[in-house]
Amino acid sequence: MTFPSHRAALLLLALATAQPALAEATATPPAPAAELQDAINKMYPTLVRIYVVMEEGMDGRMRKLQGSGSGAIISAEGHVLTNHHVAGRGTRFVCSLSNREEVDATLVGTDALADLAILKLDLSTRRLKDQPLAVASFGDSDKLKVGDTVLAMGSPGGLSQSITRGIVANTEMIVPKHQISMTLDGESVGELVRWIGHDAVIYPGNSGGPLVNPAGEIVGVNEVGIASLGGAIPSNLAKKVAAELIEKGSVTRSWIGLEVQPLLRSMDDEKGALVASVWKDSPAAKAGIKPGDFITNYNGTVLPDCHAAEDLPTFNAMVLGTVPGTKVTLSGKRDGKPQTWELTTVVREATMGKEDELREWGFTARDFTTVAALEKFRDSKDGVLVDTVRGGGPSSEAKPPLRGSDVIVRVGGKVVKNRAELQQVTKDLTQGASEPKPVLVEFERDGQQLATVVKVGTAKDPVRPRLADKAYLGAATQVITDELSTALGIPGKKGVRVIGLAPDSPAKKAGLKEGDLLLKLDGKVINARRPEDAEVLPELILAYPTDASVELEGIRDGQPQKWSVSLAKRPIDDSELNEHKDELFEFTARQLSTSQRDRLKEQQGEEPAGVSVLKVEPSGWAALGGLAIEDTILTIDGTPTNDIDTLKTKLNSLRETKPRSVVFGIRRGPRTQFLEIEPRW
């Protein structure tokens, strides 16, 4: 993937440093390109380049990222096989087919443990609807041998579909021992998958693309780059997971609540797998299995002797592949004596719940899963796990502040068992409220029971009071310093130099021009000679009534000059301008200021329109669509937005209609353009 989430990035970075030993074999020379042409002709039309917008909880917000990956069409209905780390967190998908058609797609299902996902092409958005889709077929990954020729297909770096050739380097490649554990959304990479290692060149962006044999069949799904090698998920696993995702949208697996590790070097005479951990109240714990036991047989199937980490996925696959609710028998040894344990498997939950944002609180939060609760020594899954907290938000401003890993158990004296209950409590608290509402929050942290008060809710757009009317000249000036007065041929003189004039201002109407030197106001010297005296003239003007007439004396082109100026009321100050902070699109806009309007009118030769973008939150929907600070929003879906009230009304109406995309017409400098923004409603 070209722009992976931080979890996937950690995976790819860490694996890039790994140096797994390859099985020794005599590699056959790669097949000539002509002999592979049939495979290329068969598979290439099935390749899909995937553009994805994904969301991930960071800094108390669901941040948006763009990326691209690869996939292959595996059904006539338009199902596309790719990686979980490409599509699992996606909210918007556009797939580019090999004929360059761009087709919308939706996520059917995803499986983080196997790092696989299924997308479904929206065939109604095809440009060439009469052309049937090319469909890939699966080969048998168990038949692969070290030295076999393979082709890696995909879109490296988000480029057009490409093919590289190599050989199988290893059929059971894993993360080396003592390497940092890598996870995808809480799931341990390598617990189930043993990669097909190969040297067909792949790059970020190839993720999810097929590994293909000379018969033109998928024998793997490329997942990682490991130094100069690639790692692919075996097709036999991918085929099974894909079928279940297409049928049910998820994969159902069994859990017995134990973890195994390879036998220690000192255990040369032992057999099976060494039990490392047994989770409290799990089926394994209830059956009496303990850390240090050896498991040699799972429900009638003999385990390989797990002297190496490569052997562990075999046992894990036995357990995970069992139908939940099945009564199974495990055999092994404890202290050299034979042991037998009977237990009933249960449904395996995700290791970690998916996070989501609660804007009114300023944090992202998760529900507990069984393992997540056990990891925090909790007896139940009740409570809301705070994931990340936004700096400056309601939760971070509380005393004491909430922080990641806190567990919220009560709000306003009411027990909250999960995120849905917290969202309902939040809705009840904030409904009809014009300001954030303080509420008592009870939470757990490191085994302690704490309480704090959080002001829950979103602050409304502030009402900006009008400042008192003041006199206005409408001339921008700079101080005539001693050095500047000498250079201008008026040594020793004090005053200011005109550097800009507002259109239709009193100064412009009086005939002042840029470059004029102003030395006196109503016969009194303008006492400015240092840079810090820049406010001397403006302060003198403010002392006059708004309808006063003043006389300025100075110099133009070396000749003395006088100007009679009729002052006017000061235009609206920037601090008085209406603003709107939109929480969904994550940007702040403000009415055009007088200086902006004057500048735009002078540049464009017409009355300026639109509202000015004051702030754009990084990784928000607006930022993802390309909106930037100082852009002027002219239209939204064709509706002119000449004031803040119109902007708010339009944005609020979009929350009702929920269109797939929203088009912002903007002006950026001398150019106008259209930005397409696709929020998650």
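Me: Let's start with pairing. Which residue is the bridge partner of Val-411 in S27?

Reply: In S27, Val-411 has Lys-414 as its bridge partner. Before going on, note that this is a predicted model, in which local features need pLDDT of at least 70 and side-chain atom pairs count only at pLDDT 80 or more, while totals for chains, interfaces and linings use all residues. Residues are numbered from 1 along each chain as its sequence is written, and side-chain values use heavy atoms, with hydrogens and water left out.

Now the general idea: strands of a sheet pair through backbone hydrogen bonds, either parallel or antiparallel. Strands are DSSP runs of E with at least two residues, helices are runs of H or I with at least four, and both are numbered from the N terminus. Two strands pair if DSSP finds at least two bridges between them. S26 and S27 (residues 414-415) pair in the antiparallel sense over 2 bridges. They form a hairpin with 2 residues between them, and Gly-412 in the turn has a positive phi of about 60 degrees.

Me: Which other strands does S26 pair with?

Reply: S25 (residues 384-389) pairs with S26 over 2 bridges, antiparallel, with Leu-385 opposite Val-407. S28 (residues 437-445) is joined to S26 by 4 bridges, again antiparallel, and there Val-411 has Val-441 as its partner. S26 is mostly covered, with 4 of its 5 residues buried; buried means under 20% relative accessible area, exposed over 50%, and partly exposed in between, using a 1.4 Å probe and protein chains only.

Me: In what order do the 6 strands close into a barrel?

Reply: The order is S1-S2-S3-S6-S5-S4, with antiparallel pairing. From one strand to the next, the twist averages 35 degrees. Such angles run from 0 to 180 degrees between N-to-C directions, with axes fitted to C-alpha atoms, for helices over the stretch in contact. Helix H4 (residues 235-248) packs on the sheet, touching S3, S5 and S6, and its direction makes about 50 degrees with that of S6. Contact means heavy atoms within 4.5 Å.

Ile-73, in S2, counts as buried because its relative accessibility is 1%. Leaving aside neighbours within four places in sequence, Ile-73 is in contact with residues including Val-48, His-79 and Leu-121.

Me: On to helices. Which residues of H15 are buried?

Reply: Ile-644, Leu-647, Lys-650, Leu-651 and Leu-654. In general, an α-helix has 3.6 residues a turn, so residues three or four places apart point the same way. The buried residues of H15 fall within an arc of 130 degrees seen down its axis, so they line one face; the arc is taken from the directions from the helix axis to the C-beta atoms. Those buried residues pack against strands including S38, S40 and S43. The face turned away carries the exposed residues Asp-645, Thr-649, Glu-656 and Thr-657.
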